[in-house]
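Morning, everyone. Please bring up the model on your screens.

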Amino acid sequence: MDDRGGSFVAVRRISQGLERENSCHSTSAEVVAGTTAWLGRGLSCVCAQRRESDARPSFDLTPSEEECLQRLQNRIDIAYDSSIPEHQEALRALWNAVFPEEELHGLISEQWKEMGWQGKDPSTDFRGGGFISLENLLFFARHFPVFLNISMQKSFKDLLWKQEGDRSAWEYPFAVAGVNITFMLIQMLDLEAVKPRIMVGAIFLKFLSENESAFDLLYCIAFKLMDRQWLAMHASYMDFNTVMKATCRQLEREFLLEDITRLEELPSYTKTTGMDGTEFGLA
């Protein structure tokens, strides 16, 4: 850790053709220390600083929207606590969803680096996103493929193992990127305010009032979009914040399009799936 208060790991891809599904202990990735702070610190400027200088009106909410916002804020306020059994079980559940045939040796284990955590203790990486960032990852691993009617875990694992596109030699660490995406969405939607002060936040709360899983679903869309931006920009690990800013701006633009009444109508959702619910790839 450097004097700026943070560090990250980058994962070097050595072989595109390795069957990670069948060999979870593969040595196909090297974990290398870096010197740039990722978690929360670098990303607070992605969507938030631009709004600080804007006039910030508040938008009135319906009682249903107020209730949904309060429930979501309650989730956001929960810090990850490794001493709480529920949090421990959620972390184990994430491992089991990703590696159902591999026994986890402990909540502190070198095995976690396989998933893209910075070290052997994932709890140290949740400071930027809280417990909700673990819930988001777990939702992605368990449910997103089912919503899309595609093979179980395909979408999640394509990202985890970087199976799509012409990848960089030095890739973003999957799990740490996931925590950053949670943080980015909270900032982008201004979810810690009493009432939304930006249009995209007000629009999102309408989606949330109609679908209680809207934040988790948006997380999955954002993760897929971030990876597509990464590929389109031919990015490497030092470009991560730039890619996140581009992802945030693209989501904001899509939220403000006319005739968008639910998350499934966002262009980024359409690019994640085909009309028949199959993977649409990068087309």
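Is T247 buried or exposed? T247 counts as buried, because its relative accessibility is 1%. Here, buried means under 20% relative accessible area, exposed means over 50%, and partly exposed lies in between, with a 1.4 Å probe and protein chains only.

Before going on, two notes on the source. This is a predicted model, so local features need pLDDT of at least 70 and side-chain atom pairs count only at pLDDT 80 or more, while totals for chains, interfaces and linings use all residues. Residues are numbered from 1 along each chain as its sequence is written, and side-chain values use heavy atoms, with hydrogens and water left out.

Back to T247. It sits in helix α10. Helices (H or I, at least four residues) and strands (E, at least two) are DSSP runs, numbered from the N terminus. The T247 side chain reaches the backbone oxygen of V243 at 2.9 Å. What else does T247 touch, beyond its neighbours within four places in sequence? It is in contact with M184, A222, L225, M226 and Q229. Contact means heavy atoms within 4.5 Å.

Now the whole chain. It has 11 helices and 3 strands. Along the sequence, the pattern reads β-β-α-α-α-α-α-α-β-α-α-α-α-α. Of the 283 residues, 55% are buried. Take the contacts with a separation of 6 or more: 69% of them join residues 24 or more positions apart.

Next, the core. A nonpolar core is a set of buried Ala, Val, Leu, Ile, Met, Phe, Trp, Tyr and Cys residues joined through side-chain atoms within 4.5 Å. The largest one here has 70 residues. Which members touch the most others? They are L185, F204, F223 and F255. Several helices each supply at least two residues, among them α2 (63-76), α7 (174-188) and α10 (240-255). The biggest giver is α9, with 12 residues.

Look at L185. Not counting residues up to four places away in sequence, it touches L191, F215, L218, Y219, A222 and L251.

F215 counts as buried because its relative accessibility is 0%. Its contacts, leaving aside neighbours within four places in sequence, include L72, I132, N136, T182 and F204. F215 and I186 are 29 residues apart in sequence, yet 9.3 Å apart in space, C-alpha to C-alpha.

How do α8 and α9 meet? Their axes come within 9 Å and cross at roughly 120°. Axes are lines fitted to C-alpha atoms, for helices over the stretch in contact, and angles run from 0 to 180 degrees between N-to-C directions. On the α8 side, F204, F207 and L208 make the contact; on the α9 side, A214, F215 and L218 do. The residues of this contact divide into 6 nonpolar, no polar and no charged. For that count, Ala, Val, Leu, Ile, Met, Phe, Trp, Tyr, Cys and Pro are nonpolar, Asp, Glu, Lys and Arg are charged, and the others, Gly among them, are polar.

Last, two loop residues. H234 lies in the loop between α9 and α10. Its phi is near 50°, a positive value in a residue other than glycine. H234 is exposed, with a relative accessible area of 67%. D259 is in the loop between α10 and α11 (267-272). D259 has a positive phi of about 65°, although it is not a glycine. D259 is exposed, with a relative accessible area of 68%.

Technical notes: Polar contact = N/O pair within 3.5 Å; in protein donor to acceptor, adjacent residues only side chain to side chain.
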